Amino acid sequence: YEILIGLVGSEMCIRDSDFTIERDTRKAMILRAQFLQDISAERIRVELDKLLTSAHPEKLMEAYVTGITAYILPEFDRMMEQPQNNPYHKYNVGVHSMEAVKVIEPTTVCRWAALLHDVGKPECHTVDENGIDHFYGHNEKGAEIARKVLRRLRFDNETTDLVCKMVLWHDYGLGEMLKKTTFRKALSRMGADFFPYYIKIRRADMAAQSDYKLEERRGSIEHLEKLYQEITDAKDCLTIKQLAINGKDLIALGVKPGKEIGDILQELLNQVLGSPELNNRETLLSMAESYIRK
């Protein structure tokens with residue numbers, strides 16, 4: 001927070017190990033916020049990241065009140081202006097997101113994912129006949145907007161990709177008791193190594209929501225964690241590379257190198273995701289031959 005004040009060249013008063021803005025300082029911040037557009041994206045990124053990964057990321061709210069975010073993170077302003085009249089929520093989108101930021105681990109990836117996980121909601125807002133707000137498709141739209149934000153702030157590709165992936169998957173399986181086959185297919189798409197990140201953003205998101213059906217939602221997360229453990233312990237096949245046969249085996253069966261090999265392997269993986277016991281060499285070769293004869 002001190003950093004954001006420094007960006008607009010204001011003075012600050014420190015009291016009781018916390019930050020308190022004097023009236024004149026606040027006025028100066030508001031008047032000089034417009035000059036932030038002259039500061040490089042890299043500098044803004046560094047200072048914002050320091051704030052978000054600090055012990056007091058909620059100080060970003062003061063940047064919103066003083067008009068700073070309108071110049072450095074206008075997406076947050078739109079989030080702050082988007083209500084959530086829905087039983088699952090008790091805050092507007094911006095406050096909800098900040099509450100999620102406060103409880104997730106203080107790493108760059110996790111804090112930015114928490115901040116931006118609902119950034120697509122303003123564009124996906126609808127109201128049903130009962131006056132309840134809905135945000136269908138906000139995870140896909142959010143991942144799209146998050147990528148634009150992170151690129152504008154000159155984040156590296158690895159961080160950008162991981163944050164956007166967390167935004168995309170953050171509400172997967174909300175309140176559902178998924179079957180193992182269904183979850184195994186989703187785990188194949190998201191990647192087993194990504195699952196711990198999914199759990200972090202899912203729990204942070206839930207912690208910032210209302211108590212409506214809270215036990216049900218907690219149960220669904222615990223259920224997925226149990227399925228994940230069972231799948232990893234069993235070493236179930238989740239990727240084409242884990243199949244018992246490969247492209248060379250298909251070439252030996254007469255398949256010409258090219259797209260057909262990838263299509264056949266993908267079809268075999270789809271079958272194995274539903275029935276892991278199929279992942280043995282003889283069975284897959286037999287299945288592959290049947291595809292080739294079609």
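Predicted model: local features only at pLDDT ≥ 70, side-chain atom pairs only at ≥ 80, totals over all residues.

Student: Which residues line the largest cavity?
Tutor: Residues are numbered from 1 along each chain as its sequence is written, and side-chain values use heavy atoms, leaving out hydrogens and water. A cavity is a set of points, on a 1 Å grid over the protein atoms alone, where a 1.4 Å probe fits but cannot get out, and lining residues have an atom within 4 Å of a point. For the largest cavity, those residues are Glu75, Arg78, Val119, Pro122, Glu123 and Ile145.

Student: Which helices each supply at least two residues of that lining, the lining of the largest cavity?
Tutor: Helices (H or I, at least four residues) and strands (E, at least two) are DSSP runs, numbered from the N terminus. By class, the lining of the largest cavity has 3 nonpolar, no polar and 3 charged residues; here Ala, Val, Leu, Ile, Met, Phe, Trp, Tyr, Cys and Pro are nonpolar, Asp, Glu, Lys and Arg charged, and the others, Gly among them, polar. The helices that each give at least two lining residues are helix 6 (74-80) and helix 9 (121-124).

Student: What is the volume of the largest cavity?
Tutor: Grid points are joined across faces, edges and corners, and a volume is the space filled by probe spheres set on the points. The count comes to 1 cavity of 30 Å³ or more. The largest cavity has a volume of about 50 Å³.

Student: Which residues lie nearest the centre of the largest pocket?
Tutor: A pocket is an open set of points with protein on both sides within 12 Å along at least five of seven lines, and the largest pocket holds about 320 Å³ of space. Strand 4 (133-134), helix 10 (138-152) and helix 13 each give two or more residues to the lining of the largest pocket. By class, that lining has 4 nonpolar, 8 polar and 6 charged residues. Of the 18 residues lining the largest pocket, those nearest its centre are His89, Lys121, His138, Asp171 and Leu174.

Student: Is Gly94 buried or exposed?
Tutor: Gly94 is found in helix 7 (residues 93-103). Not counting residues up to four places away in sequence, Gly94 touches Phe76, Met79 and Met80, where a contact means heavy atoms within 4.5 Å. Buried means under 20% relative accessible area, exposed over 50%, and partly exposed in between (1.4 Å probe, protein chains only). With a relative accessible area of 0%, Gly94 is buried.

Student: Which residues does Met61 contact, leaving aside neighbours within four places in sequence?
Tutor: Met61 lies in helix 4 (residues 60-65) and counts as partly exposed at 22% relative accessibility. The C-alpha atoms of Met61 and Phe76, 15 residues apart along the chain, are separated by 9.5 Å. Beyond its sequence neighbours, Met61 is in contact with Phe76, Met80, Val95 and Met98.

Student: Why is the pair Trp169 and Tyr172 given its class?
Tutor: Rings of Phe, Tyr and Trp (its six-membered ring) pair if their centres lie within 6.5 Å; planes under 30 degrees apart count as stacked, over 60 as edge-to-face and the rest as tilted. By this rule there are 9 aromatic pairs. The ring centres of Trp169 and Tyr172 are 5.5 Å apart and their planes are at 70 degrees, so the pair is edge-to-face.

Student: How far apart in sequence are the parts tied together by Phe183 and Phe195?
Tutor: Phe183 is buried at 0% relative accessibility, and Phe195 is buried at 3%. Because Phe183 lies in helix 12 (residues 180-190) and Phe195 in helix 13 (residues 195-207), the pair ties together parts whose separation in sequence is 12 residues.

Student: What is phi of Lys235?
Tutor: Lys235 lies in the loop between helix 14 (214-233) and helix 15 (247-252), and it is exposed, with a relative accessible area of 71%. Its phi is positive in a residue other than glycine, near 55 degrees.

Student: What pLDDT does the chain average?
Tutor: Of the residues, 87% score at least 70. The chain averages a pLDDT of 89.

Definitions and conventions: pLDDT = per-residue confidence, 0-100.
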